[in-house]
Every structure is written in C-alpha cells, then in structure tokens.
Amino acid sequence: MLNARLFLLQRLSALVMAPLVLGHLALMIYAIQGGLSVGEILGRTQGSWFWGLYYGLFVLAVSVHAGIGLRVIAHEWLGLRRGLDAVTWGVAVGLGLLGLSAVLAVT
Amino acid sequence: MRRPLWFAFLLHRVSGLLLALFLPVHFWVLSLAVRDADALESFLSLTERPLVKLAEMGLVFLLAVHIFGGLRLMALELLGWSSGQKTAAAGAVALSLGAATLFLLRAI
Amino acid sequence: MGTLIVNVARGDATERRSERFEVPAYESQTVLDVVSWIQQNADPTLSYRFACRVGMCGSCAMMVNGVPRWTCRTHVQKVAKGGALQIAPLRNLPVIKDLVVDMDPFFDKWVAAKAVHHPSRGRAEPMAEIAPDEPGRVTASAGIECINCAICYAACDTVSGSPDYLGPAALQRAWTLVNDAKDGARDAILDAVSGQGGCHNCHSMGSCTTHCPNDLDPLSAIAGLKRETMRKALRRA
C-alpha cells in the first residue's frame, strides 16, 4: 500500500539510482573479463573517494527503494495489513547497515 | 487479465524481489574483504564455475530488466509517454537479454 | 444457424455453480441477446441487469469468456470460442445473485476519491467561460464519456490484489475534475487520491485502457494524477 509520500520516495530513489545502475552494469560487463579477484576489486575501490561516494549513495537509495518495494509485495501478495511500516523501515535500515559496512570494507 | 503489460509488471516485481533477496548476500560477501580476505578470494574463485557464471548472468539480467522496465514506467508516469508501451516493454526485455548475453560472452 | 453452448454462472454469494444452456444462434446476435433468450425461454429465474441496450447506461457488463465486456454491444460471433460462451458476473465485486453484482464498493470509491462536482460559483453569479480548446478542458473532456459500467474495475489486477484501491473509474473521474476550471476543490481531490488506496497503488498494467468499451484511457488519467500529486508534494516540501 503506497501513499503519495512513499511513492515519491520510491520514484526519487529510482531516479537517483538510474545512472548508478547503468554505471554498475557497464562496470560488471567490463570487469568480468579475465575473472574476479580481491586484488582487482580493491585496487579499483580502496582509497577512492569517487567509488566510496558512488556506492555509498547507491546503498542508501537501494535500501529505501527495496524497503518500499517489499512493503507493496507484503501487502498485495501476503495480504499483510498491519506492520507495513515496520517491514519498510526494517528492510531499509537492515540493508543500509549491511551495505554501508560493505562499502567501508572495500574503500 | 494476462496481457503483455501484466507480464511486464510481473517481471518487474519478481526481478525486484529477487534482487532484494540477493543484496544481503552481495553485501555480506563484499564485507569479507576486511574481515577475511582469504575467504573472499576463495569465494571469488567459485565464479570460475560455469554454473555460477550462468547464475551471474541471471543476476545481470534481473538488474537490467528492473532498471529498463523501471525507466519505461517512469516515462509513462512522469512524462506521460503512454503510447507504444507494449513495444517499450518488449524493448526493455530485449535490451536486458542483450546486456546479460554480453556479460556472459565476456565472462567465458 | 446452429446452436450455442452457453455456460452461465449461477447462485448467490454463498453457493456458486455453473449451468449449461443451449441457445439458438442468430446473425448479429449480442451476448445480451443470449442472456435474455435464456431468461425468457429456458429459466425465468436467471437474474441479470440491463437497461438501454445501446451502450449508454453501463448496466449490462459481465465477464464473457473471462473478459469484462458490455454485453449489449458485444457480438457473439466476435467472442465465442468454438461455438461456446462462458458468462459470469463482473470480477472484483461481490455477487448478489447469478450475473448481478453489488456495485456499492465501486460507487463508494467514487465518493471516497471526491470524484463529484464541487461548485465554485453560486447560482446568482455568471457561468464561467471556458473555451473548448483550453488544455485543461481538452484533458478533462478526454475522460468524461465514462458510463460507470465497472468494466475497468473488473479488469484491474491492482483492485484484485489490494481491495482498498480506488480503481480506474473513480480515479479517472477525479482527474477530469482536477482539470475542470469550474471545480472548486482541486486540492481536496488531490489529497483524496493520495491516501491509502490512492492513485499511487496503480501498477500501470493498463487493463483498464485495453478493456474500456468507450475507448477511454484511465491509465493515462491515473498517470496524470501521479504527476499532479507529486508536483503538489514537492511544492509542500
């Protein structure tokens, strides 16, 4: 169940992510050739302000976006009527913390 | 009402759901880089297996189809581009298959 | 001409069953003709609704082979599958008996969306002059030929998944009023379509626009509401 505020947050997070996802897709297609290694990943990201900000912003936007998306699925497919706010913000905070710790780990 | 835009909706929902379930794993594996670099290295070596490469291609497809489908929806809602939605939805799927195939070709 | 095999959904809300009828086929026969033939010649207890028979009143909509249609203007030849028809009451609404549904939830949502005219001038004042080619008027005019048949509501999968959702018809009417310079409660309408069950629950599957018998476009009307409510929310922020 979405109201205007959640809809706006969902669309704004999507707009923020649009260029980031396109970049992420391009990077995956570029980086996969020759396989993945810790050295290669860290060589790109460690000490880089650019990648830290890039993926930090990405993590924040995706956490909000996924929280609201899972809220709608819980409502429409699982028939959940109460506790929808808890689902939304629980998912958002959980994903945000996990994601930011991952970004910190590789930068 | 099982029509093309219903399938587009279902694809958007299922891809979003699977990506949301994949993200915690993705984040956890990356956070190994500081906690246990050897564990991360051995995990990354798994990606040399053909089946894992196919699974990765699947993930690329999910991400691509979610963003291209999402851009179509936002063009419809925010810019009012309501004509040619079926064509646009089919184009989003084709583009995503292209991106996933390109990924696989470079991976192998 | 041969015979049609017609399976009709019967019974009240608690007990549903399907009954099979054989109906003589005629040229240019409508689905409503078939239902009326059954009621007049085979089983007078069959309940169904119709009034105008010419696609104006919006009372004869039913599910025909799984698709919501205005039965008075649907030719059997175009929809029968192998000489057979499945006829059922409209989807997404509670059944009263046989092919008759309770339309209350449908119309209650029109009221909940504030999709009623809100006067902006008294009777002593002159009428507002609005040119037919003003952009707002053109947008409003695109949606006003709705006959309240609830076909879009029956076609909508978002209504099925989320029973509070106001649905395409009520939202489209709200959109026509938002664009009507004579309506005095534009902000109240935008608030009414922004709450739980509001326009933001729409997933743009477009079944409303595909099935509307009058070729209206509720999908675009709802997209218009989304844009306008976003504009309003951003102004407030």
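**Entry 1: one arginine in chain C.** I started with Arg91(C), which touches Met63(C), Pro68(C) and Ala154(C) once residues up to four places away in sequence are left out. Contact here means that the C-beta atoms of two residues, placed from the backbone, lie within 7 Å. Arg91(C) sits in the loop between strand S5 (84-88) and strand S6 (95-97) of chain C. Helices (H or I, at least four residues) and strands (E, at least two) are DSSP runs, numbered from the N terminus. Buried or exposed? Arg91(C) counts as buried because it has 21 C-beta neighbours inside 10 Å. The cut-offs: buried takes 20 or more other C-beta atoms within 10 Å of a residue's own, exposed 12 or fewer, and partly exposed is in between, with C-beta atoms placed from the backbone. I also checked Val6(C): it is 85 residues from Arg91(C) in sequence and 19 Å away in space, C-alpha to C-alpha.

**Housekeeping.** This is a predicted model: local features need pLDDT of at least 70, side-chain atom pairs count only at pLDDT 80 or more, and totals for chains, interfaces and linings use all residues. Residues are numbered from 1 along each chain as its sequence is written, while chains are lettered from A and ligands numbered from 1 in the order in which they are written.

**Entry 2: chain C overall.** I get 10 helices and 7 strands for chain C. Its C-alpha trace spans about 65 × 35 × 30 Å along the principal axes. Of the 237 residues in chain C, 44% are buried. Among contacts in chain C with a separation of 6 or more, 64% are between residues 24 or more positions apart.

Entry 3: For the classes, Ala, Val, Leu, Ile, Met, Phe, Trp, Tyr, Cys and Pro count as nonpolar, Asp, Glu, Lys and Arg as charged, and the others, Gly among them, as polar.

**Entry 4: a buried helix.** Next I looked at helix H7 (residues 168-178) of chain C. It is largely enclosed by the rest of the structure, because 11 of its 11 residues are buried. Among them are Arg173(C), Trp175(C) and Gln172(C). What do they pack against? The buried residues of H7(C) pack against helix H3 (104-112), helix H4 (135-141), helix H5 (151-155), helix H8 (186-192), helix H9 (207-211) and H10 of chain C.

**Entry 5: chain A and its partners.** The contact of chain C with chain A takes 11 residues from chain C and 9 residues from chain A. Helix H10 (residues 218-236) of chain C supplies the largest share of the chain C side, 3 residues. That side has 2 nonpolar, 9 polar and no charged residues.

Chain B against chain A: 30 residues come from chain B and 26 residues from chain A. On the chain B side, H1(B) gives the most, with 12 residues. By class I read 22 nonpolar, 4 polar and 4 charged residues there.

**Entry 6: one helix pair.** The axes of helix H1 (residues 4-31) of chain A and H4(B) come within 8 Å and cross at roughly 25 degrees. That makes H1(A) roughly parallel to H4(B), the term for angles under 35 degrees. In this pair Leu25(A), Met28(A) and Ile29(A) meet Ala99(B), Leu102(B), Phe103(B) and Arg106(B).

Entry 7: His66(B) lies in helix H3 of chain B and counts as buried, with 26 C-beta neighbours inside 10 Å.

Terms used: Axes fitted to C-alpha atoms, helices over the stretch in contact; angles between N-to-C directions. Parallel < 35°, antiparallel > 145°, perpendicular 65-115°, else oblique.
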